[in-house]
Amino acid sequence: MEFKEKFINYLEENSLFYTDKDFKIIHSCINPEHQEENPSAFTSLALGEEFSHCSSCGFHLNTEQL
């Protein structure tokens, strides 16, 4: 299973809202300390630029940390 599929499974298992936009997934923040109602985070899946970032709280992880 590739990273994108695993990440979407994680979002679904944790009831986090997401929208799949090819090389970017817009989603609710994955930081357990940040509770939100509107998605403010995204995960970039572009080759060489894979990372997850929340524009609201600043939480940031590269794919290895995810």
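User: What is the relative accessible area of C57?

Analyst: The model is a predicted one. A residue is buried under 20% and exposed over 50%. C57 falls in between and is partly exposed, with a relative accessible area of 37%.

User: How many disulfides does the structure hold?

Analyst: The cysteine sulfur closest to that of C29 belongs to C54 and is 3.7 Å away, which is too far for a bond. C57 is likewise in no disulfide, since the nearest cysteine sulfur, again that of C54, is at 3.8 Å. The cut-off for a disulfide is 2.5 Å. The number of disulfides in the structure is therefore zero.

User: Where in the chain is confidence highest?

Analyst: The average pLDDT of the chain is 90, and 98% of the residues reach at least 70. Confidence is lowest in strand β5 (residues 60-62), with a mean of 92. It is highest, at 96, in strand β2 (residues 24-27).

User: Within what arc do the buried residues of α1 fall, seen down its axis?

Analyst: In helix α1 (residues 3-13), the buried residues are K4, F7, I8 and L11. They line one face of the helix, because their directions seen down the axis of α1 fall within an arc of 100°.

User: What covers the buried residues of α1?

Analyst: The buried residues of α1 are K4, F7, I8 and L11. Their cover includes three strands: β1 (18-21), β2 and β3 (41-44).

User: Is E13 buried or exposed?

Analyst: E13 is found in helix α1. A residue counts as exposed over 50%. With a relative accessible area of 66%, E13 is exposed.

User: At what distance from the centre of the ring of F42 does the charged end of K24 sit?

Analyst: F42 is buried, with a relative accessible area of 19%. The charged end of K24 sits over the ring of F42, and its distance from the ring centre is 4.7 Å.

Notes: Residues are numbered from 1 along each chain as its sequence is written. This is a predicted model: local features need pLDDT of at least 70, side-chain atom pairs count only at pLDDT 80 or more; totals for chains, interfaces and linings use all residues. Side-chain values use heavy atoms; hydrogens and water are left out. Buried means under 20% relative accessible area, exposed over 50%, partly exposed in between (1.4 Å probe, protein chains only). pLDDT is the predictor's confidence in each residue, from 0 to 100. Helices (H or I, at least four residues) and strands (E, at least two) are DSSP runs, numbered from the N terminus. The arc is that of the directions from the helix axis to the C-beta atoms. Contact means heavy atoms within 4.5 Å. A charge sits over a ring if NZ of Lys or CZ of Arg is within 6 Å of the ring centre and within 35 degrees of the ring normal.
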